[in-house]
Amino acid sequence: MQANKCGHEWIISLTQQEEEGDLDVALIQVISDLLEVDNFAIYINKYFCVPVPPKLINTPSDIEHVKPAKIQQLLSKATPNKVRVSHAGGRTISYVPVYHLEDVIGVLIIETPQKLPERIGVMALHILNIYANQLWLLHKSRLDPLTELLNRQTFDKKVMEIVSGNGFLLPRQNVNKDRSWYLAIADIDLFKNVNDNFGHVVGDGVIAQVAKLLKYNFRVEDYVFRYGGEEFAILFQSRSQAAAYTALNRLRVNVADHSFAQIERLTISIGFLALQSIDTVSSIVNQADLALYHSKKTGRNKVTACSELALYDEVATTQ
């Protein structure tokens, strides 16, 4: 892809992307065209305000992988709109910061025989700012405004990306390959009573508080959705069904022990299952709903695995 002197075509190629993966591909191509070399690595923290190490998005890279601690050190030394340069082993290494508003969310590392021309560094800064803004817009478009969890519209796509084997966002580092993906659906028990007795404003506050508990009880790499109303969905990895149950039961206990404003106490019921590559989204949700319904029917404030249900085998074979 060629560009005019102001990089107009490159900017268009970034701002027209509607999917995160496509945006990454476009950025990698633009940087490659701009530099006319492949000796670069782009590290991005896609969680923005969440303090996690940026991860490499152009894999594989011709540059040796940089450890998270080193990347964090580079970000801490970054100056807005300024390219840092160092020299080692007869090579010049340029560090171009990626900013969104006042936050450094990543860095572009470039290895060249000689120092980059100033205009190339300035253009790289501009392109990375455009990328960061587009990434933020895509990030916000996936969030539920009340809870800031992932929204319902994002759910189907994320499930399909997992069961198809593609995963989504960036792969975990140092994760045991024996882990499997699980889906849990959680529902606030007797939530209608909250709205009826205290009003919808209090009800919205309860939903927001439960959402915070869900986020605190799972890792930043896990995916928590507001599925609809007072219902939530969680996509997470675990080594076994027993370990998945333990994580979900810990969440259940934390919600039951939490003191909510005005209503003081409430509980949630949960149903869950392991994701299988042959499942459709509707089949997966239906099975999780069956387990959730069992938790509700047998007293609420419970966690039920779909595999525990007598109907599970029948449901699985009829899909």
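Trainee: So how are H7 and H8 oriented to each other?
Mentor: H7 and H8 are oblique to each other. Angles under 35 degrees count as roughly parallel, over 145 as roughly antiparallel, 65 to 115 as roughly perpendicular and the rest as oblique. The axes of H7 (residues 200–217) and H8 (residues 241–257) cross at roughly 140° and come within 10 Å. Axes here are lines fitted to C-alpha atoms, for helices over the stretch in contact, and angles run from 0 to 180 degrees between N-to-C directions. Keep in mind that this is a predicted model, where local features need pLDDT of at least 70, side-chain atom pairs count only at pLDDT 80 or more, and totals for chains, interfaces and linings use all residues. Residues are numbered from 1 along each chain as its sequence is written, and side-chain values use heavy atoms, with hydrogens and water left out.

Trainee: And which hand does the crossing of H7 and H8 have?
Mentor: The H7 and H8 crossing is right-handed. A crossing is left-handed if the near helix is turned anticlockwise from the far one by less than a right angle, and right-handed if clockwise.

Trainee: Which residues meet there?
Mentor: From H7, Leu 213, Leu 214 and Asn 217 meet Arg 250, Leu 251, Asn 254 and Val 255 of H8. Contact means heavy atoms within 4.5 Å. The residues of this H7 and H8 contact divide into four nonpolar, two polar and one charged. Ala, Val, Leu, Ile, Met, Phe, Trp, Tyr, Cys and Pro count as nonpolar, Asp, Glu, Lys and Arg as charged, and the others, Gly among them, as polar.

Trainee: What about H1 and H4, how are they arranged?
Mentor: H1 and H4 are roughly parallel to each other. The axes of H1 (residues 8–15) and H4 (residues 118–141) come within 9 Å, crossing at roughly 20°. The crossing of H1 and H4 is right-handed. On the H1 side, the contact uses Trp 10, Ile 11, Leu 14 and Thr 15, and on the H4 side Met 123, His 126, Ile 127, Ile 130, Tyr 131 and Gln 134. The residues in the H1 and H4 contact divide into seven nonpolar, three polar and no charged.

Trainee: Switching topic: is Gly 271 buried or exposed?
Mentor: Gly 271 counts as buried, at 0% relative accessibility. Buried means under 20% relative accessible area, exposed over 50%, partly exposed in between (1.4 Å probe, protein chains only). Gly 271 lies in strand E9 (residues 268–274). Leaving aside neighbours within four places in sequence, Gly 271 is in contact with Leu 183, Ala 184, Ile 185, Ala 288, Ala 291, Leu 292 and Thr 304.

Trainee: And overall, how many helices and strands are there?
Mentor: The protein has ten helices and ten strands. Helices (H or I, at least four residues) and strands (E, at least two) are DSSP runs, numbered from the N terminus. Buried residues make up 48% of the 319 residues.

Trainee: What pLDDT does the protein average?
Mentor: The protein averages a pLDDT of 88, with 91% of the residues at 70 or above. pLDDT is the predictor's confidence in each residue, from 0 to 100. Over residues 168–176 the pLDDT is below 50, and this stretch has 23 contacts in the model beyond near neighbours in sequence. Residues 312–319 also stay under 50. Where pLDDT is low, the predicted coordinates should not be read in detail.
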